[in-house]
Amino acid sequence: MTGWLARRWTEWQRATNWALVFICLASVSGQAVAARVAVVLSEDSTHYQEAYQVIRAHLEAAGHKASRTYAEGVTSAALNDAPLAVAVGVRAAESLAVLPNRPPVLALLVPRAWYVKNGRTRLTEGGRYSASAIYIDQPFERQAALIRLAFPEARRVGVLLSAEQEGLLGELDEALRSQQLSLVHARLVDGEHLIKPLESVLSEADLLLALPDPLAFNSNTAQSLFLTSYRYRDPVLGYSRSMTRAGALLSLHSSPAQIGRQAAEWVNYALVTVPVHLPAPSYPAYFSISINEQVARSLGFTLPSEAELEKRLGGVR
Amino acid sequence: MAISLGIRGRVIGLAVVPMAIIGVLLLFQLITGKIDDLDQSLRTRSVAIARQLAPAAEYGVESGNIEVLRTLIGKAAIEPDIRGVAVLSGDGRWLVQVGRGTWADSVSGKLPIDRIHQIEYKDRLVYYAPITRTEVVIDDFQAVDAHTASPGAQTRLLGWVGLEVSRNATLKSQRDAIVRSLLILLAGLGVSLYLAWRIGRQITRPILALTHTVSRIGEGHLEERVEQSGQAELGMLQHGVNHMAAHLQSMQDQMQEKIDQATARLIYQASHDALTGLINRREFELRLERALQSAMQQGREHALCYMDLDQFKVINDTCGHAAGDELLRQLALLLKGNLRERDTLARLGGDEFALLLENCSIADALEVADTFRAEVQRFRFKWGERIFAVGMSVGMAAINRDSGTTASLLSAADAACYVAKDRGRNQIHLYESRDLDLARHRGEMQWVTRIQRALEEQRLRLSWQAINRTDGVVETTRHVELLLRMVDDDGSEILPMAFIPAAERYFIMPSLDSWVIEETLRLCTRYLTAEREAHCLFAVNLSGASLKDPEFRRKLLMHLQENPVIGPHLCFEITETAAIGNLTVVNDFIDAMREFGCSFALDDFGSGLSSFTYLKNLKVDYLKIDGAFVRDITSNPIDRAMVEAIHKIGHQMGLKTVAEYVESDQILAVLRQIGVDYVQGNGIHSPESLESLCGPDLNQG
């Protein structure tokens, strides 16, 4: 451990020397010419790399550069005085939140619930630092609009939520209402069977809207939920491509690439401003719709094509 | 334990026993394998059902939907061998059960949650398959979830599916398999038994046929053969037996041929004479019998000739038997050459031949016989330097209805032949029943029986006649001739001249001589015992036949050796005829007797050949002049001259002369004049009984 620290220290000193030289050059050339954006990934996974690759491509196209770091072992020095840091994933964001003198942080692929509840506070530290986010969640309005488009006959939308997430109900109800849909919901208690609340929801609702609540939807409960919904002949509107594959009639989701693209656009925009200014936290601008044709046939639904739906839903933010 | 099995039994055993052993082993192996397979298959199927049932029941357990579960396990329960299905919740509660099944609550606590648990009973198997939640991926990015609230607290086990499987079907199918296999085994054994029986029969049948044939051959049926049916070893055996039988048969045929040849030779020898090749007496009698039959029944006429050679005896005696045999051979050839085809010539024995002329009248027969006789007469027999002429006497008998038996025919022909001989030989005599000569011959034949009866009945006697000196001088030695007499049935005495010719002809003389010698010896003993003062010389007659008989000579010698003192009292009188042809033998005999002091006399000199050669060679003491010269000596000067000549020669040779038949004093006077030493005759002394000589015979009963 001592040996490792000594080696790291030597590397850090060498980097510091090179950094001094770079700073002198940068101050002469001017900030608008080229910037190096630090991208921190929660871990080396496919999804995060996909987002990084899209960001890097877009930045390089705009004449900027992107440096890649991982959440584990990230330091202030490693950010290399980057004007902006992009955190991909919750852990990346949380690792940046503890660094002093950090640049403005844009958090990607984070649940809105997390950002609203913890993320924003920790990243901004009461306004000392600048931060923003692009959520992983889809906006309720968009979901409501999709329900309307896909199920013109639908009236009631069922939702299962744990107590923790009940705060969202208001926003959801509002969004649904704008589409003449009513909300039916049941609250889940940890450790109890979800079949009973599920059946009570399904018996009333025309379809089940799945929200990313680990207590309600997880890999263990998914099969039972789907099977029960089939028994009630209620389709499920999911939130990921995997969910469509697992049995949801259709899903609304954004891919890491789509979110990465949006993030790159934001970064390019922010770099031209002095000081750097990030837009307010937002839902993903780009999205995809996936349909399980087999489930559609089984349940007797005839839906517009994925592309049609995406196009018609395009205006909704 | 030795069990004797036939070939068939062995073949059957060979076929069936290995089959049975293999069959039982295979059966055992198959049944074990099949049962293992069945059990394994049941287990595999049960595990598969349980494994499929568990995830299928997941939703029902998760949702608590009993109806769903009932439907599900109801479908599983209708599978064969399934006794019951039950679903248990994770905390051990019974949710639903279909069919039978004993589900122990306590079990649930110990059940493993990661695999199917099997509990094995004798008649059933119970499986517990854990029902676990199926994980379904619903998030695109796992990383997001990793941070958020973990669902790990939630247990994945939902419950168990219990499955009870009956092993009865396996057991039943095990029993069925055993029964079926046993049936197949029995059927297989039956088939192989039948095949082995067939094969065994195929083998044993030719062998039995062989055995039968061999025993038939052994019984002597050499023509017996085995049917050639086999190819390999059996075929060789059959071929060998047939070959052997054929060989035996040919050997037997050859042997039979030899036997036939030998038999034919024997038959030939039995019916033919070895010397001449003519048929013999036996065969001739058979043919004669046939001829007689044809004469009796069909009235045919035949003729029987009995032929006897003249002078044969002389040739035989002087030149030996070889000459006699050669003569017979040559004569047989000669006679055969003159035979008609249907005539039968036989040699009856010795120099006697017989001829049967069939379908031949007596006149013709006489002609034929005369031809024969003439042929024989012309014939000359040459032996060495000497040439002999022979004659043949033929006796003929007619064979017709009146003929009696073959024996009487032969007897008649024989008698006729005797007559022919008697009449001077070399002539033919035809038998006629009234023939006087024949009657005499018949008389002789009767004498034979009478002599034999007399011998048996001891009706022979000796009498004595004194031989005195001619000059009347009484010597110290008395000369006596012992004379044989036969006492007739009526007590009268019969003189020897009546029966001696018959005895000589029919070879009874040795018996008579033996009797005479025995009696003489007894007489000598008596005489010596009586202690008479005068020495007495007893003269007895010996026939030629007795002299030639070695047995007679041996006996006489034996008596003298036993009692030598008798020797000087004995004088044997032999005739010239008796000595002829046996001169050496007779002289040897004379020498032997002289050793004991016996003396000899040549009897009847002058009646026979009167050969001085013989007289010179015979070592006798006395010469007895035949009575025929003495009888008429007084009136016939030739007789007187003969007597004088004989006496003179005798004296010249140192012999004492004796004159017989001295009947009168005139004869005595003449003899005295001539100088003959002794005289004998009725004129001198009539024969008397022995008692007058030496007293009564005390030994005679």
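Which residue just after α13(B) takes a positive phi? In this predicted model, the residue is F507(B), with a phi of about 60°.

Helix α13 of chain B spans residues 496-505, and its buried residues are F499(B), A502(B) and A503(B). Around the helix axis they cover an arc of only 100°, which places them on the same side of α13(B).

Staying in chain B, let's turn to the nonpolar cores. The largest one has 71 residues, and the members with the most contacts inside it are F538(B), C571(B), F572(B), I574(B), L623(B), I625(B) and A659(B). Helix α14 of chain B, residues 509-529, gives the most to this core, contributing eight residues. Setting aside neighbours within four places in sequence, A659(B) is in contact with I625(B), V630(B), V643(B), L671(B), V676(B), V679(B) and Q680(B). There is also a second, separate core of 53 residues, which includes L292(B), L345(B), A346(B) and V394(B). As background, nonpolar side chains in soluble globular proteins tend to be buried together.

Now for chain A. Its secondary structure comes to 13 helices and 11 strands, and buried residues make up 45% of its 317 residues. Among the chain A contacts with a separation of 6 or more, 72% join residues 24 or more positions apart.

Is H277(A) buried or partly exposed? H277(A) has 13 C-beta neighbours inside 10 Å, so it counts as partly exposed; a buried residue would need 20 or more. Its C-alpha atom is separated by 9.1 Å from that of V267(A), 10 residues away along the chain.

Helix α9 of chain A (residues 222-231) packs against helix α1 of chain B (residues 7-63) at an angle of about 80°, with the axes 10 Å apart. The two helices, α9(A) and α1(B), are therefore roughly perpendicular to each other. On the chain A side, the contact is made by S224(A), L227(A) and T228(A), and on the chain B side by Y59(B), E62(B) and S63(B). Sorted by class, this contact of α9(A) with α1(B) has two nonpolar, three polar and one charged residues.

Definitions and conventions
Residues numbered from 1 in each chain as written. Chains lettered and ligands numbered in written order. Predicted model: local features only at pLDDT ≥ 70, side-chain atom pairs only at ≥ 80, totals over all residues. Buried ≥ 20, exposed ≤ 12 C-beta atoms within 10 Å, placed from the backbone. Helix = DSSP H or I, 4+ residues; strand = E, 2+ residues; numbered from the N terminus. Arc of directions from axis to C-beta. Contact = placed C-beta atoms within 7 Å. Axes fitted to C-alpha atoms, helices over the stretch in contact; angles between N-to-C directions. Parallel < 35°, antiparallel > 145°, perpendicular 65-115°, else oblique. Nonpolar A, V, L, I, M, F, W, Y, C, P; charged D, E, K, R; others polar. Core = buried A, V, L, I, M, F, W, Y, C linked by C-beta atoms within 7 Å.
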